[in-house]
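Biologist: I would like to learn how to read strand pairing, pockets and surface patches in a model like this one. Could we take them in turn, with the general idea before the case?

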Amino acid sequence: MPLHRDSLPVIDSPNFQVVIPGQIVLGGLFPIHAAGNGTACGPIKAEQGLQRMVAMLFAVEDINRRREILPAASIGAQILDTCSVDSYALEQTLEFIRGAMSHGSGVECQDGSLATYKKQAVVAVIGPASSQVSVMVASMLQLFKIPQVSYSSTGAELSEKSRFPYFSRVVPPDNLQAKVMAWVIKELEWTYVHAIADTGSYGERGMDSFRAAATELGVCIDGDVHKIGRGWTSKNFKELIWRMTI
């Protein structure tokens, strides 16, 4: 569906920002780019980044078109790129925070008036994708009581409401996925498996949950959990498979 002329996204380079004006602004964090080699941002991620961003733009446009949903208001968006790096995503999140800090805390101008930062605040943030990035972003957003809804972060630690009271998601956490994986292995009557985990919060904590579930079902896991990096090449994976077979 094409965007209306009055809500065309504005690309703010080099910060990879997409802005749609509206009375209620939603923030968006998507891995438009992969992590770079030596730089924050690498190549464009078409499926995991761009497609998800376009899905949010479509949802915003559809809600604004169907006036029966919000007849007296319009939805806007401010979408930023995480570049699949937690530290970079945290820097980008500051763009949302600046709107929440619209009034200076005790800071006065020369004329004696309170300092004001004129920027529309986001009411909630959609994303980000990975659990490791979400942990960083959630820690920042909760300081300003900004709700966050992730579309793919499954880390079990994000379920700790005492740590992340403003975080929610639309996918099951790792501990439930781990139980399903263990039951599938049990149904296949496998008794000994190798374990491979991605480095970071998502893979390592998920593997802890899988190991616990497998132990309960009597499934033996190879002593060493093989950890893989996001920048691995085909050569790295071939070498790992070779080590697993000897």
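Modeller: Two strands are said to pair if DSSP finds at least two bridges between them. Bear in mind that this is a predicted model. Here strand E3 (residues 24-30) and strand E9 (residues 122-126) pair over four bridges, and the sense of that pairing is parallel.

Biologist: Which residue in E9 is the bridge partner of Leu26?

Modeller: The partner of Leu26 is Ala124 of E9. E9 is also joined to strand E10 (residues 148-150) by two bridges, again with the strands running parallel, and there Ile126 has Val149 of E10 as its bridge partner.

Biologist: In which sense do E4 and strand E5 (residues 41-44) run?

Modeller: E4 and E5 are antiparallel and are joined by two bridges, with Ala35 partnered by Cys41 in E5. These two strands form a hairpin that has five residues between them, and in this hairpin Gly38 takes a positive phi near 95°.

Biologist: What is the volume of the second largest pocket, and which element gives the most to its lining?

Modeller: The volume of the second largest pocket is about 300 Å³, and E12 gives the most to its lining, with six residues. Helix H4 (174-187), strand E12 (192-198) and helix H5 (201-216) each supply at least two of the lining residues. There are 17 residues in this lining, and those nearest the centre of the pocket are Met181, Ile196, Gly203, Gly206 and Met207; by class, the lining divides into 11 nonpolar, four polar and two charged residues.

Biologist: Finally, which residues make the nonpolar surface patch?

Modeller: Patches are made of residues with over 30% relative accessible area and no salt bridge, and nonpolar side chains are joined within 5 Å. Val180, Val184, Leu188 and Trp190 make a nonpolar surface patch of about 390 Å², and of these Val180 lies in helix H4, an element that also supplies at least two residues to the lining of the second largest pocket.

Methods:
Residues are numbered from 1 along each chain as its sequence is written. This is a predicted model: local features need pLDDT of at least 70, side-chain atom pairs count only at pLDDT 80 or more; totals for chains, interfaces and linings use all residues. Side-chain values use heavy atoms; hydrogens and water are left out. On a 1 Å grid over the protein atoms alone, a cavity is a set of points where a 1.4 Å probe fits but cannot get out, and a pocket is an open set with protein on both sides within 12 Å along at least five of seven lines; lining residues have an atom within 4 Å of a point. Grid points are joined across faces, edges and corners, and a volume is the space filled by probe spheres set on the points. Ala, Val, Leu, Ile, Met, Phe, Trp, Tyr, Cys and Pro count as nonpolar, Asp, Glu, Lys and Arg as charged, and the others, Gly among them, as polar. Patches are made of residues with over 30% relative accessible area and no salt bridge: like charges are joined within 9 Å, nonpolar side chains (Val, Leu, Ile, Met, Phe, Trp, Tyr) within 5 Å. Accessible areas come from the Shrake-Rupley method with a 1.4 Å probe; for residues, only the protein chains shown count as cover. A salt bridge is a side-chain nitrogen of Lys or Arg within 4 Å of a carboxyl oxygen of Asp or Glu.
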